[in-house]
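Please consult the sequence and the structure shown here.

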Amino acid sequence: MNLKRVLTVTKKEFIHIRRDKASMILALVAPVMMLLLFGFAVSTDVNDIRLAVCDQSNTMESRELIRSYENSAYFKVYTMTDNPQNAEKMIAAGNVKAALLIPTDFAKGLRRGEKEEVQILVDGSDPSIARTAANYAVMISNGYSLKVSSVKLMNTAAALNKSPGVDARAMIMYNPTLESSKFNVPGVVGLILQNITVILTAFAMVREREKGTIEQLIMTPVSSLELIVGKLIPYVFIGIYDYAIVLLLSYILFGVAIKGSILLLTLLGIIFLIGALAMGMLISTFAKTQLQAMQASLLVLLPSVLLSGFMFPREAMPKVVYAISTILPVTHFLIILRGIILKGVGISYLYKTATVLLALIIAIIAITVKKFTKKLD
Amino acid sequence: MEFAIEINNLSKKFGSFTAVNNISFSIPKGKIFGFLGPNGSGKSTTIRMLCGVITPTSGEGRVLGFDLYKNTEQIKQNIGYMSQRFGLYEDLTVNENIDFYGSIYLLAKEEMNERKKQLIEIAGLVGKEKSLAGTLSGGMKQKLALCCALIHQPQLLVLDEPTAGVDPVSRREFWKVITQLTATGITVLVTTHYMDEASICDIIGFIYNGDLITMNTPEELFEKHHTDNLEDIFIEYVSKLSSKDAVLSFKEIRQQGKEV
Ligand SMILES: Nc1ncnc2c1ncn2[C@@H]1O[C@H](COP(=O)(O)OP(=O)(O)OP(=O)(O)O)[C@@H](O)[C@H]1O
Ligand SMILES: [Mg+2]
């Protein structure tokens, strides 16, 4: 491998990127846009949940509890009713998302200094709202030092049947205000790092074939290794730039600071980046045109967004889907990202995940190298 | 006599399909060799074997004294190639394209710049150095491709249909450059479908369905076929070998069209 040739290819590749608007936007602007989109718009935060209140106690204490719900940003008292059945009906009709039922003898017990119970009904048809609504309700009531007798889900989508309390505790520990942007933003770093790199790499590799420039190039002494390494170098830089800019903006815009070691995160990030480069190259061995490369990239990227645990918790996935999510490198990288950024844990907690990630990436590289050498014959 | 290309019983099979079948020829240094044949007859495949890009199925050969199997690196370092399809980067400027290829051949900067200046002058691209290759006309693109193929002063220049889609004036300019170059001792291997161009060549090889049908100088071909029109000779070969009905001349086709 001759370094001058490698750098010659790299220089040429940089010119391509600089002169191609789509590549420039994808490399420099798209990461910022994706961060804003996932950070702000795809917020799974639930604010102002419409609440029906059935206050059968009608005492100072019960009104105080209702006020503490009102004062939280999470709930908004939509209607008051005397009849618990009415509250259920309103949930069924979709008028309210949750109902707070305060029993008649609520105040009596409290005055005696005993723990009292209230019931919360939550519309389970939108699981993510239901989960958060239930969590918030428990949180507020606990704050009021009550015992919530039961959180009953109505119209439930089956997935939510497991106790949300356990999840809630884990989240509350590291993200006390339960802001979904805190949870989403570290994930966005992983998705951006992967998606941008995969698409750009696949494009770069396919472009030479589609335009016919490879025919001229293979007649020169440049070896395929020199060519591949030279072409990949710019995308390593772009990946590192994207990684840095997204982390910086996460801090500035969303207040997400890295609690753990930046060094460890960056090291694992680079390993992940290498995997993404290999994936892009693998796609380029199948695709003949840039259009095909785009379609194939989407085929990889969609599962990464949907199955990696970025949007939906993997625990709730059917077994097959869960298995698929396990072979996606981004799934494991998300665990690492959230672990280091939100929880500040070190390698002693992450070594298992890191090992799986490394193994997956080595497998991808092996397949890519095999496909590539076969192709060149 | 020193030969630039010597091949012996060279064959290339793609699966069970034989693209090139046992061809042998020798081309002396400093000559222009025209390689003719209908579409799909195996010209580009032969060229790829000679350039060390694909491995022959059988047979042997040496290009510039380098073995086709063992010394492909040296072959690549010493030949210049220009493809059928414009193979340069349209989003790079004339200068950037030439610099790119110069650096790929590991030329030293001063040597490259000097050579580049010469070539741009010969090719008539002066003033276009900073234009994007994609904005050049068809003829100029071909001349740029020629510059890139010659930047490292190769001993053998391989041109696969260099003038496809180029207007008659630009074609002549192009060929003038080629003949000037051979005066400096470079050997040229060229394929073309333009028979007027082919008559410039010193030696003509005719390939059909992977078989080398004839190897001769134009003069000998003219004598043998009692005509000085290469196109007629080409058509005679094709119709004889394909047992197609004799192909009509354009004039005859036009007349027939009018009669109908
Ligand atoms: N990689 C390949 N795999 C399979 N078949 C091939 C391959 N390359 C070429 N061929 C076949 O070999 C035959 C010769 O092709 P080649 O490109 O050498 O023809 P050619 O003389 O250059 O034609 P043209 O004048 O159209 O350029 C064709 O039938 C072609 O389809
Ligand atoms: Mg051809």
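Which residues of helix 6 of chain B are buried? In this predicted model, they are Ser170(B), Arg171(B), Phe174(B), Trp175(B), Val177(B), Ile178(B), Leu181(B) and Thr182(B). Seen down the helix axis, these buried residues fall within an arc of 155°, so they line one face of helix 6 of chain B.

**Helix 6 of chain B**

- Helix 6 of chain B comprises 15 residues, 168-182. From its first C-alpha to its last, the helix reaches 21 Å, close to the 21 Å expected at 1.5 Å a residue.
- An α-helix has 3.6 residues a turn, so residues three or four places apart point the same way.
- Pro168(B), Val169(B), Arg172(B) and Lys176(B) are exposed and lie on the face of helix 6 of chain B turned away from its buried side.
- At the start of this helix, the backbone nitrogen of Val169(B) has a side-chain oxygen of Asp167(B) within 2.9 Å.

**Nonpolar surface patch of chain A**

- Leu36(A), Phe40(A), Leu248(A), Tyr251(A), Ile252(A) and Leu253(A) make a nonpolar surface patch of about 620 Å².
- Two helices of chain A, helix 2 (21-41) and helix 10 (224-254), each supply at least two residues of this patch. Helix 10 of chain A provides the largest share, four residues.
- Ile252(A) belongs to helix 10 of chain A. Ile252(A) counts as exposed because its relative accessibility is 57%, and the cut-off for exposed is over 50%.

Terms used: Residues are numbered from 1 along each chain as its sequence is written. Chains are lettered from A and ligands numbered from 1 in the order in which they are written. This is a predicted model: local features need pLDDT of at least 70, side-chain atom pairs count only at pLDDT 80 or more; totals for chains, interfaces and linings use all residues. Side-chain values use heavy atoms; hydrogens and water are left out. Patches are made of residues with over 30% relative accessible area and no salt bridge: like charges are joined within 9 Å, nonpolar side chains (Val, Leu, Ile, Met, Phe, Trp, Tyr) within 5 Å. Accessible areas come from the Shrake-Rupley method with a 1.4 Å probe; for residues, only the protein chains shown count as cover. A salt bridge is a side-chain nitrogen of Lys or Arg within 4 Å of a carboxyl oxygen of Asp or Glu. Buried means under 20% relative accessible area, exposed over 50%, partly exposed in between (1.4 Å probe, protein chains only). The expected span of a helix is 1.5 Å times one less than its number of residues. The arc is that of the directions from the helix axis to the C-beta atoms. A polar contact is a pair of N or O atoms within 3.5 Å; within protein, one must be able to donate a hydrogen and the other to accept it, and residues adjacent in sequence count only if both atoms are side-chain atoms.
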